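Try each task before reading its solution.

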Amino acid sequence: MRERGGLIDGLHYRLGRSVLIGVPLAILVIWTTIPIVWAVLASFKDPLEIYESNTLLPANPSLDAYKTVLSMRGFDQWLFNSVFVTVVATIVPLAISILAAYGFSRYAFRFRHILLLLYLVPRIIPRVSLIVPLNNLMSDLGLVNTYWVLFITYTASAIPLATWILVGFFGSIPKEIEESATIDGANMWNRLRRVILPIAWPGVVTAGVLCIREAWNEFAFVLALINETDMRTLPYQLYMLKDSMGVQDYAVYNAFTILTVLPLLIVYLLLERRVVDSIVSGAVK
Amino acid sequence: MSASFVEFHDLRKSFGAVEVLHGIELAVQQHAFVVLVGPSGCGKSTLLRMIAGLESITSGFISIGGRVVNRIPAKDRGIAMVFQSYALYPHMTVRENLAFSLEMAKIKKDVMKARIERAAGILHLEPLLERFPAQLSGGQRQRVAMGRALVREPELFLFDEPLSNLDAKLRVEMRVEIKALHQRLESTTIYVTHDQVEAMTMADLVVVMNDGRIEQSGPPLDLYDNPATMFVAGFLGSPAMNLIKGTVATDGSAPVLDVGDGLQLPLPAGIREKPGAEIVYGLRPEHVSIGPPGSGLPATITLVEAAGWETHLYADMGQHVARIVSAERLNVAHGDHVSLVPDVSCAHLFDATTGARLSID
Amino acid sequence: MSTTRHDLDVLTAGERASEFVKLLAPYILVIPGLAFVLGVLGYAVVGGVGLSLNETDMFLNQTFVGLKNYVSIFEDPRFQSSLWKTIVFVVSSIALGIVMSMVFALTLYHVGFGRRFFRGLSLVPYFVSGIAAAVMFRFIFTTSGGFVNYILESFGLPAPSWLGDPILAFIVAVLANCWFMVPFATLILLGGLQTIDRDIYEAAKLDGATGLKTFFRITLPLIKPMMGVSLIWVSYISFSTFDIILALTAGGPLRATELISVYMYEIAFLQLDFGQGSVLMVVLLTFNTVLSLVYLKFFVLNDRRYKTAT
């Protein structure tokens, strides 16, 4: 059909194609960015501008809201809590998952299947559903309102995800490479450190970023297990702002939102390629 | 020269309840180039991996250089192995690949450097040292894999189907290169392949394996000329030996083989089998020729392969297919009726049930 | 030969120890993680079921009451209504979410320029916390000064009170949920699209298939497993949605967005009824597990390619 009309049909086809791709692409971009862009714009506006005037862009952009957030009493502490908990709840589950994934992908052993299943089934347990019994358990152990409670629960919920990703990456490394390293005189620790981990590095990075994401954004557990103001993480505090802020503080509210989101987005931006590749390749599911 | 450098004694391997190697006995001389050959699943790779220390030994023992290695870890056996997939470390440069085993053995830096340079020199790897495996061609990767084995200065080289990932032309080149390297270094080598051409052309000693057992071992031409079993006879040589089953009979005083359809093959006069015995008659394709009409067995040509240096013919002979190789360019075509003349003096006879070679007086 | 066979059958103490370690190695590697998973998550599930069978009084003493909590929860009209809302929420989120994911995945697959950039951009919401997403959506949908009403007003359209109206608030909640979960599903589906050999499309074209027919007869069947994975993800997220609702509407207005997870939080942490709260946990868990298994069965495991592969 296209041959018959030649140039005209060709043009129509190309136009049709660009509309077919262009429109959903525009929707995708707007849909994805608007909530964030709007929050950024609002954070630069005068307090009353948000509420009263109907403008898109801030009339007198100012960083006052950010200054207010940064000087907020407790902000340093919440930021520290978030960073501290995230660092621990990334390194510990990653280390544990690397060992477990190595065991699962390199050894045939009794109960391997059942144990792997036990590792993976928790991934379909809604996190929020666990808060009631966890709160009970942690109160009994006297761990409520400690960093420990967050380390433990975040680590536990990050391990299944990280292990799953790493089993996939480790498993795709040919067995011969490791056998070759064995003949070359590398013991298990050296094979893991010098051969397996460098080759599976994209997987380690992906698992790491996803651990960071889980810990940084976590809300249900921290809400259920922490109730002291000083122990809050940033998302928890962001949630608490709802009750303490009036209309005039909307710029501050938005600035706070942006500041909680920004660190993780920077991490994502730096490692975007590996993360997106891993998800698209089906290594994360 | 010592008695033998590598020895297997009653070597067995089981995976769970399944025994895959049934009591292997073999002695390998120092400096020999030994090729383990057989169809896939015959146990040759398992055997090689047991020598390397990658598979445990269920029973029996392996000794290398007079030392039983059953409980010696792979790295201390004085071996180096080249894998079918090369198993190069993808995240290391060629130099780092070569250095890895030396680093693990905590070899001094200057010794390491000298060894790498020597191996790189022998294999012409110098221009490739800073590249990564992904930047190399198949043949180059193959050479790096060999270089990695070389730097370890092993007493025993193990090759696991090293050429099967290469294209046909490169395979022939590398075959020559590996053989030349062996002649230069004189290191004892055990080489696994399923390709009988590699076995025939490279080995000092061919070990034909089938179903977890050694069928026969010996110099390549010995095996080709005097196959001990029907399996070896059929496995070595291309096109494969004609193997025709029939019943011993007599035509007047001369023994013949009745192969059905009223066809009778002449048998060597010295045959010990009585008339009525079931045997298999083996004849290499090059020992069948086309004679004048009526001079031999009637057959119909079904396929002509003109390879250039020789001609391969396939012909229907009753219910049997005959393979014929001729050094001449024969003027025959599909559908031609021809007369096949076997060279009886070159016939191999096998017991139809056991497959064992039958001797002739 | 200096070593006899007899020597080989006798292991030294050291050798026996190292054999033992070799045998144990995989378990040693696997057990630390398992301890966390079973000790925390496993305990929580079992403990939760236990709690749901007990009554907790003001002094936190527990008495076994059998299924009493279940009976009173299932008779509770507020639960029934929140169950219905959850079902409507999950179904509409899945429907909208999967369609959006598919459209976005196809767009990203076909986009001719800046593919890397758009792919990277599309995943951004995945890294925004549920709380932050909810706050952002609140400011998009605030009655005066919100982005949506700004657009509506500039076209002269009425500006509704999005978060004040039960139905509109419910819709906003679904949208916020989709914003959060669609990116991941999009990339999973994109991955599926990219595994399809382009020759197949050429072959289909030669066979006379066009646009939509190609999509339904070729593309969809071939990405069935990834569709299954995406469905598991979107329903898992929708069932567990908690932070988004809590920060966006807190269950309101007039409990219009009070999903089971929100109601559970209210009962357990504000009314301090752990028994009934745990019943809701069991309900959530059962729903999600059953749904996931159904998807696995129909999309992933039933796929013949997977069966032959494993």
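**Exercise 1. A helix in chain A**

Task: Work out how many of the 10 residues of helix α7 (residues 131-140) of chain A are buried, and name them.

Solution. Keep in mind that this is a predicted model.
- Step 1: Count neighbours for each residue, calling it buried if 20 or more other C-beta atoms lie within 10 Å of its own. On that count, eight of the 10 residues of α7(A) are buried, and the helix is mostly covered.
- Step 2: Look past the end of the helix. There you meet Gly142(A), which follows α7(A) and has a positive phi, near 70°.

**Exercise 2. The domains of chain A**

Task: Find the two domains of chain A and describe how they touch.

Solution. 
- Step 1: Domain 1 covers 2-44 and domain 2 covers 65-280.
- Step 2: List the contacts. Domain 1 of chain A brings four residues, which are in contact with eight residues of domain 2 of chain A.
- Step 3: Sort the domain 1 side by class. Three of its residues are nonpolar and one is polar, with no charged residues.

**Exercise 3. Chain B as a whole**

Solution. 
- Step 1: Check burial. Of the 361 residues in chain B, 40% are buried.
- Step 2: Consider contacts between residues at least 6 apart in the sequence of chain B. Of these, 64% join residues at least 24 apart.

**Exercise 4. Two helices of chain B**

Task: Decide whether α2(B) is roughly parallel or roughly antiparallel to α4(B).

Solution. 
- Step 1: Get the geometry. The axes of α2(B) and α4(B), the latter spanning residues 138-150, come within 8 Å and cross at roughly 30°.
- Step 2: Apply the cut-off. Angles under 35 degrees count as roughly parallel, so α2(B) is roughly parallel to α4(B).
- Step 3: Name the residues in the contact.
- Step 4: Sort them by class. The contact has three nonpolar, two polar and one charged residues.

**Exercise 5. What touches chain A**

Task: Describe the sides of chain B and chain C that touch chain A.

Solution. 
- Step 1: Start with chain B. Here 17 residues of chain B are in contact with 14 residues of chain A.
- Step 2: Find the elements involved. β6 (79-82) and α2 (94-104) of chain B each supply at least two residues to that side.
- Step 3: Sort the chain B side. It has 13 nonpolar, three polar and one charged residues.
- Step 4: Turn to chain C. There, 76 residues of chain C are in contact with 72 residues of chain A.
- Step 5: Find the main contributor. Helix α2 (residues 13-52) of chain C gives the largest share of the chain C side, 19 residues.
- Step 6: Sort the chain C side. It has 53 nonpolar, 20 polar and three charged residues.

Notes. Residues are numbered from 1 along each chain as its sequence is written. Chains are lettered from A and ligands numbered from 1 in the order in which they are written. This is a predicted model: local features need pLDDT of at least 70, side-chain atom pairs count only at pLDDT 80 or more; totals for chains, interfaces and linings use all residues. Two residues are in contact if their C-beta atoms, placed from the backbone, lie within 7 Å. Helices (H or I, at least four residues) and strands (E, at least two) are DSSP runs, numbered from the N terminus. Ala, Val, Leu, Ile, Met, Phe, Trp, Tyr, Cys and Pro count as nonpolar, Asp, Glu, Lys and Arg as charged, and the others, Gly among them, as polar. Domain bounds come from an automatic or database domain assignment. Axes are lines fitted to C-alpha atoms, for helices over the stretch in contact, and angles run from 0 to 180 degrees between N-to-C directions. Angles under 35 degrees count as roughly parallel, over 145 as roughly antiparallel, 65 to 115 as roughly perpendicular and the rest as oblique. A residue is buried if 20 or more other C-beta atoms lie within 10 Å of its own, exposed if 12 or fewer, and partly exposed in between; C-beta atoms are placed from the backbone.
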